[in-house]
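Open your viewer and get ready to select residues by chain and number. This tour goes stop by stop, and each stop says what to pick.

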Amino acid sequence: MNPVWLIAIPLALAFVSAFWRIVSGWALIIAAFFNAFAGVFGVIFLTATSFSIGGWKAPYGINLLVNDATKLLLPISNILFLFAVLSYLRKGEETTKYSVVFLVALASLNGILLTNDLFNLFVFLEIAGISAYLLASTGEGSDSKVASFKYLMIGSVGSLLYLLGVAILYGAAGTLNISELAARVSSGQISGDVTLVSSLLIVAGLGVESKLLPFNGWVPDVLTKSSRVATLVLASVYPLAMVYAFSKVILAVGDDRVLNLVVLLGIATVLVGEVIAFGQKSLRRTLAYSSIAQSGLAIFLVGIGSVEAVTGSIMLLINNALSKFMLFSIDDQVIDEAGRDDRDTLYGYGRKSPIVGVTFVVSALSIAGMPLFFGFRGKLNAISASFEASLAVPVLILIAAAIEVTYYFRWIFTFFKPVGTVQAPEKRILPSVEFLAFGLVLSTVIVFLGVSSGEAFTMFERAADSLVNGVLAIGKAILGGM
Amino acid sequence: MNILFVLAASLFAAPLFFLISKWKKSVAYIAYAAFQVLVFLYVFFWGGTGASYEVVGITSKLNFNFSMNPVNWFFASIVMLIISTTAVFLLPLKKSPVKIFLLSLVTAGVLGAVFSADFLTLMIFWEISTWSSLLLIIQDKEKSTGEAIKYAAIAAIGSYSMLFAIFYMDSRLGTVEFSSVALKIESQPIGVQLTIFIALAIMVLAKMGSFPLHTWLRGSHSSAPDEFSPILSGGLTKLGGFLLFIMSIVFPSFKVFGNLPLLNGIPIVNYGLALLGGISIVVGTVMAIRMEDAKELIAFSTVSNSGYIVLALSIGGTYATAGGMMHILNHAMASAAMFMAIAAVAYMTKTTRMHEMGGLIVKMPFTFAVYLVAIISVAGIPPTSGFVSKWLIYQQLVQDGLPFLAFAAFFGSIGSFMYVFKPLAGIFLGQLKPEHEKVREAPLIMLAPMAFLTLLTIFWGVFPSNAIRSINRITESIGGGTVDVTFSRIVALTGQWDSVLVTTVFVIGLAISLLIFMRAKKARHVDLLDNYTGGDFLYTAELYHFSYRMYRPFDRLFEKWPSMENWLSSTSEKIKELGALFRAVFFNRNPQVYIALTVIVLVGAFWWLR
Amino acid sequence: MIQYFSMMLVAAGLYGLLSQKNLVKLIISLNIAEIGVNLFIVSIGYVEGGAAPILSSVSNNSSLLFVDPLPQALVLTSIVIGVGVTALALSLIVSVSKSRGTIDISELSSGGGDRE
């Protein structure tokens, strides 16, 4: 199956539902299901790797690249998107109201994951960005519109800078194909100044969406103010695609000095994110800053650039997507029930609603990196790889990790605080059926990946290897053939 | 002995017990207790002979390495003893599926940790038992969440410090197995050795509850569910002893740091660690004397005894090492017995505040006997085993000429007389409160494990050679010296101790005094309130409970001492303030601020990088 | 030469973005910056002495010297995207002004909200 269908179907259905309001809700469901199935079955069994668009062979034309990394991330992104859409299907008219936006977002996210051309990436980034601005504005009240506007501002600045970087690079290299650029950059054909400036600009541009400091000022407002499904998509599926795009491009065309800068910025992101998250009183804000920190962790590993580091990065990305999906869903449940999500409201919530409590523990401990959960495996790689740079790096990462563990445990304790004397709670709060289903599936996956043995993990290493070495190899082949 | 099978069984037992207890709680708890007892017997009677090695591949780089040599056997026996006796003990207490699940996870983690052969395996299993114990602590009492967060924070500090050490070792030495690291670490530069040692030491101090990372013990031990405190104090903290033994004795740490300046013949790094242990002894003792709640008091006693273990294993030398190892055994038994006795009393009277009780010796004589023997052991009085370990440590201290540490150790012993007596007097002696008239002795199922621990304490007090021979086997296996011991006599540096002789004298003395007591006139029973003062009769019993504020003059003496208790909360306040600062800078509500930041960072980076 | 000019446009746009208070003016500044970038991209494709990249029967330039057409395609796309974003931004401004009553960024950034 040509993966371009993953992009084309949602886009086509988006056009249809823009003009034909009645079917818009159905269009969204159809597209989400199609993408989820195609993402799993169509992609995993693909053997060919490069699909050209429009008949122009790469590198003259745009091509879609399917390597081990995309084979891993495409299914996960599409399935999570499907879960997100299904989660609030019964309640939310927002999914029908905004179905066009969701469809376009789905198409663009798949495009970001698949494309192998820098400008095509720009186009998809912009489309995803516009959808993100719209998704961010879906919350109630005017706060979300203001947050969306601020996001738009910095997002546009970011894409400006990215475009400038791409243009400079094109001017020097003559091609926009990522693999070919990788080969050219590594062979030293392009002057150091050019790579430096273009890499810096590209880091800035992609960093805005990837939540890298100091480009991530938009994150707290957007993640806290937007509506339910939008937050789920923005917090779990978007980071997967965006950070993957960041890794893909930077590992291919990044200047070595800029990679060091990326390490620095990544560590700063982690530290700042964790420290701020420590002091937050609302669960949603804590999760928003924690997302920033997790992205920072994934990105700093990309900056280090070894296969081990990028393996850790991919594992952390996936763990973040799964866990944050559940955590934000839990937060939604709580706000549904109680209207607020500060610590006082949450006291003993886990005892009144044990399923919510258990899923909270599983996802929180996974992000905190406790053994028996998936997040621990990623963290191990992260710490092990961080020793490759200077010694200060692991110390800072570990300090941030200690802070993170502490505040996550604080939230877990809040959930399970024995309120008054420990008696059976008067009223059991039942979560929605969708939450039960998805929570069960995702928790099982997290624990399963946490305790499974080595064979399952080679897929992460292969994904990392394809990012670090595979792209370059393809580029060299192209260059050699020309 | 097949450790992998036992470990796998333990891990799978956790969800299994959870499911069983959903159906019928008592069945699950009995199954859990039976399982733990079986594991204990299996481990103990294996005897630590033969050293085999099992490797379980996890990823291409990560392996679980387990070994089964005498060191593992020693620590495994101790923790399994505590866990199995507690498992039987807690059968009458309130049950819940969550608790049995978490308890099983804790024991699985502990089991994996004591049989580990490399630091990463140790770390992973230790972490499993840490997070499950954190969740277990908050199950019962409302104030437990505030206390448990301190444990979480300090445990995080320790764990990440150890993770740092592990990966530093991996990047420098290429291995994290105990024996390989011991070999390779000698050839590393001093900076590397010091970093690894100190990072591991932080973990030891944090997990054993030793100064300066001791502030979590008081709250966690006291607010944990009563059935969990013995395991927490007698089992989990001893894992720190395991790590300390590895890093201090198995590593040739005295040889490795031998090039550093020596203080009284001990390298300065080890001496520093021993010093922290000494301070821990003093702090723990002083604070214990000032406590009003029995469990908090025992928690500080744990701080103090962890100090002894740290001290003993840090100063090195045959006798201190043997004493330290034996103290791990003794303190595990004694503190578990103490917590169990308090739990039994609490089960019967529903309180642990000492001045609310009294006179329970007549109602719960067996519990009293258990508690008495346990505190005698903690205080280090013969014929209990606690004496032997302390005596060995003193031998080494005096022989090595370490005045300050010896002072701390002696102070701890003398001070411990004071604090162990307080619960004894407060709970068991004195006058029985009217509301406790109906209290009966604890059920047999609780008494049996307590009695077992008591008997072991006395047994190893009268025949310490039994335990010391095992310890000799261990120290021999890693190339250390052995303690000269015959059937009843221990020959040490400044003298010898014949336990059988002393016990015989003790028994004879006891017999004589018993005779005198029985021949004398019987005491007359008087009610507490059958008294008058100042011409007026008494009405409020608790004001005449002499255990309330028992050591008030002592308390006043140490009132002005600086307290470490608040440094955690002030650190967390500082982090929150820092967070607010970061927020104002990086996440300012005005987007122009962060757009400006973007431009500045870009321009700055360009200037810096070209 | 033109590239310096386009960079100046970008700088002007960024400066406007940082200094203006009115939301509409912010969008205008953003547009100016985008124009600068687009200009820069087109200028990259310039080839000395090249003709317009159109093959036609009228073309008397038998040599193959054409200006690079790829950047021109990029710019077309980019202009369209810019239009889309501007439209979205303006509609957001309308929505904000209706609900908040102000389109001053500093007012929008201060009061209100639930900052702890």
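Start where two chains meet. Select A:Asp143, A:Lys145, A:Val146, A:Ser148, A:Phe149, A:Leu152, A:Ser156, A:Leu163 and A:Tyr170 in α7(A). Contact here means heavy atoms within 4.5 Å. By class, the residues of this contact are 13 nonpolar, four polar and three charged. Ala, Val, Leu, Ile, Met, Phe, Trp, Tyr, Cys and Pro count as nonpolar; Asp, Glu, Lys and Arg count as charged; the others, Gly among them, count as polar.

A word on the model before going on. It is predicted: local features need pLDDT of at least 70, side-chain atom pairs count only at pLDDT 80 or more, and totals for chains, interfaces and linings use all residues. Residues are numbered from 1 along each chain as its sequence is written, chains are lettered from A and ligands numbered from 1 in the order in which they are written, and side-chain values use heavy atoms, with hydrogens and water left out.

**Stop 1: the two helices, chains A and C**

Now show the whole helices. Helices are DSSP runs (H or I, at least four residues), numbered from the N terminus. Axes are lines fitted to C-alpha atoms over the stretch in contact, and angles run from 0 to 180 degrees between N-to-C directions. The crossing of α7(A) and α3(C) is left-handed: the near helix is turned anticlockwise from the far one by less than a right angle.

Which residue forms a salt bridge with A:Asp143? Select C:Arg100: the closest N and O atoms of this pair are 2.5 Å apart. A salt bridge is a side-chain nitrogen of Lys or Arg within 4 Å of a carboxyl oxygen of Asp or Glu. Between chain C and chain A the count is one salt bridge.

Widen the view to both chains. Here 36 residues of chain C are in contact with 33 residues of chain A. They bury about 3000 Å², and carbon and sulfur atoms give 78% of that area. Buried area is the accessible area (1.4 Å probe) that two parts lose on being put together, summed over both.

**Stop 2: chains A and B**

Turn to chain B. Its contact with chain A takes 55 residues from chain B and 69 residues from chain A. About 5500 Å² is buried between them, 79% of it on carbon and sulfur atoms. Select B:Trp131, B:Tyr160 and B:Phe587: they supply 14% of the area that chain B buries against chain A, more than any other three residues. How many salt bridges cross this interface? The rule finds zero between chain B and chain A.

Next, show helix α19 (residues 392–416) of chain A and helix α6 (residues 144–173) of chain B. They pack at about 155°, with axes 9 Å apart. α19(A) and α6(B) are therefore roughly antiparallel. Their crossing is right-handed, the clockwise case. Among the residues in contact are A:Phe409 and A:Phe413 of α19(A), and B:Tyr160 and B:Phe164 of α6(B). The contact has 16 nonpolar, two polar and one charged residues.

**Stop 3: a loop and a helix in chain A**

Go to the loop between α9 and α10 of chain A, and pick A:Lys211. A:Lys211 has a positive phi of about 70°, although it is not a glycine. In the loop between α9 (192–210) and α10 also lies A:Pro214. The peptide bond from A:Leu213 to A:Pro214 is cis, with omega near -5°. Most residues other than glycine have a negative phi, and most peptide bonds are trans.

Move on to helix α10 (residues 219–225) and select A:Lys225 and A:Asp221, four residues apart, about one turn of the helix. They form a salt bridge, with the closest N and O atoms 3.6 Å apart.

**Stop 4: chain B**

Find B:Pro212 in the loop between α8 (190–208) and α9 (215–223) of chain B. The peptide bond from B:Phe211 to B:Pro212 is cis, with omega near 0°.

How values were computed:
Angles under 35 degrees count as roughly parallel, over 145 as roughly antiparallel, 65 to 115 as roughly perpendicular and the rest as oblique.
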